[in-house]
Amino acid sequence: AYERRFPTCPLIPMFVASDTVNEYKSEDEAIHVIERRCKLDIDAPRLLKKIAGVDYVYFVQKNSLNRRERTLHIEAYNETFSNRVIINEHCCYTVHPDNEDWTCFEQSASLDIKSFFGFESTVEKIAMKQYTSNIKKGKEIIEYYLKQLEEEGITFVPRWTPPVACKSESSTTHTRRPVSPAINIPDSATKEGLNNKEILNTSSSPSEPTAGTPDDKLDADYIKRYLGDLTPMQESCLIRLRQWLQETHKGKIPKDEHILRFLRARDFNIDKAREILCQSLTWRKQHQVDYILDTWNPPQVLQDYYAGGWHHHDKDGRPLYVLRLGQMDTKGLVRALGEEALLRYVLSINEEGLRRCEENTKVFGRPISSWTCLVDLEGLNMRHLWRPGVKALLRIIEVVEANYPETLGRLLILRAPRVFPVLWTLVSPFIDDNTRKKFLIYAGNDYQGPGGLLDYIDKEIIPDFLGGECMCEVPEGGLVPKSLYRTAEELENEDIKLWTETIYQSASVFKGAPHEVLIQIVDASSVITWDFDVCKGDIVFNIFHSKRAPQPPKKDSLGAHSITSPGGNNVQLIDKVWQLGRDYSMVESPLICKEGESVQGSHVTRWPGFYILQWKFHSMPACATTNLPRVDDVLASLQVSSHKCKVMYYTEVIGSEDFR
């Protein structure tokens, strides 16, 4: 019935045509693999098709029929725009093990949008709309072709047997069993969207289901496989927080496993978890952390003298990171590289840890969401208590705690010397209570006895420098040559360069003091584009046009250092004596944006002149039927401290030809 969809299907209007690329049949006819190139007419806005320069998109679909196992596997991926958008889909038809009248159907898909001419959000919505409509029609189409087969007198298919085997048994078994005109699916797979999954990090990551409403339940098998034991309350918190992100955050949505980390870090208090998760998503976007593994190469000094690296896994399947802190010249590394380069390297280690957790989840068939860190303190001395080095360590701990919660499963500290309590006293106040509970500290050779290292790590992978037999490829560290040291001025400039490698700027918005950006347009029909995140509070976004230039704002200390200032800058351009409609005009309807939202858009200019983008504090309106404010409004206003909002934004002007 499925094969009747090809080469084209009238029930799927967007499916225009298909060509067979490859075909394979085994000699015993048990295996039949056919690969097709499918031409689709996507229901997308005409403008978007013009910008993209295509009328049709092409997908490659491979169908693998295994008559021996009685399975049909369908794999599909996009050929068009594969360097910008990665779409993978997998479907599987199988016979139910307990009831042969039932055909089981599973379907999963992943979507990873790297870039798409500034229309990432639009493409995501189109993809989800098309995918959802296809899911709803899938069963209807199969039933249509099953009915067509019945009308042609085909009511059963003999079970495959090896060519040398007698076929009489299979024939008698199946002549009395007609194919059911409908596909019966077990309850665990009937919920719409159960296994229809959208991935928003890397394309190799485990898929996750998309919930329709907060009342939805996650599939029990999915929870067991990827998330671990969840109570109904915890499951509800996860679904509600994920749905809130889907509705408000237009950027990449983290996977369930990562959302769950933030919920666990705040004991499943959904408001607190949402706050720290939004801050982390903004931080990741601002510093391009999602791309750090692909775009940043650690300096050679780090590769040679940073005594840390990944080393197999512990007994629970967690990735194992080994750090020979006692052998590491922290002072030399800080003097040679600066605090920011060290921080970025630690972030790349954490990103690699997340990736390894996903891999181990697949390998071990159970959820693994954290890693184990083994820290060897042999050689630790007063040199490690050098004040700038400790300051850098505390900063790194602070950033990691805020953005990678619940990723440390266990910390094994070995061969702690007498100086260790001093360092611990300095560091421990900055470490979360839940994280501190995961620390196991061994002095001297205690780690070799009962309750020691063998309780957590297999004997075969204990590193050689700890008395084990496994060669550990972690660099041995050593003193960084002073010839590699750099001056304070050089390090300061390098630090600024590292953390301002971002196209985004931060701004503060106060009640009565909006933040405004001036854009001068020379050629009409230019396109102003914007991308901003509302980090704190609610704002109103406006675009104005004026024929005359506003007076330049006065430069203050905060504005002069707006790139590195944590509070961001605040600039007002529209003179208080200007009147709307006389001195300047509004060219777009005001857009109210809630805290946590990510907004992208563009405006095609009609006239040359001066355009002003404005982010303005949004005051809560009072209830329409009374002068008294509503309770919800009062509570919301209390959450915005000192009537201050924060936005992170990027704007760009593109010529109309370039925009197309």
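**Strand pairing and burial in the predicted model**

Strand β7 (residues 308-313) and β8 are paired in the antiparallel sense over four bridges. The structure is a predicted model, in which local features need pLDDT of at least 70 and side-chain atom pairs count only at pLDDT 80 or more, while totals for chains, interfaces and linings use all residues. Residues are numbered from 1 along each chain as its sequence is written, and side-chain values use heavy atoms, with hydrogens and water left out. Helices (H or I, at least four residues) and strands (E, at least two) are DSSP runs numbered from the N terminus; two strands are taken to pair if DSSP finds at least two bridges between them.

Strand β8 (residues 319-323) is mostly covered, five of its five residues being buried (under 20% relative accessible area, with exposed over 50% and partly exposed in between; 1.4 Å probe, protein chains only). In a regular strand, side chains alternate between the two faces of the sheet. In β8, Pro319, Tyr321 and Leu323 point one way and Leu320 and Val322 the other, and all are buried. β8 also pairs with strand β9 (residues 371-376), in the parallel sense and over four bridges; the bridge partner of Leu320 in β9 is Thr372.

An open sheet of four strands has the order β12-β20-β14-β18, with antiparallel pairing. β12 (505-510) and β18 (598-604) stand at the edges with a single partner strand each, so one side of each is left without a neighbour in the sheet. The twist averages 30° from one strand to the next (axes are lines fitted to C-alpha atoms, for helices over the stretch in contact, and angles run from 0 to 180 degrees between N-to-C directions). Six bridges link β12 to strand β20 (residues 644-654) in the antiparallel sense, and Ser506 has Met648 of β20 as its bridge partner. Helix α7 (residues 270-286) packs on this sheet, touching β12, β14 (527-536), β18 and β20 (contact means heavy atoms within 4.5 Å). The direction of α7 makes about 140° with that of β14.

Strand β19 (residues 609-617) is mostly covered, with eight of its nine residues buried. Strand β13 (residues 515-521) pairs with β19 in the antiparallel sense over seven bridges, Ile521 having Gly609 as its bridge partner in β19. Strand β15 (residues 539-546) and β19 run antiparallel and are joined by eight bridges; here the bridge partner of Phe541 is Trp615 of β19.
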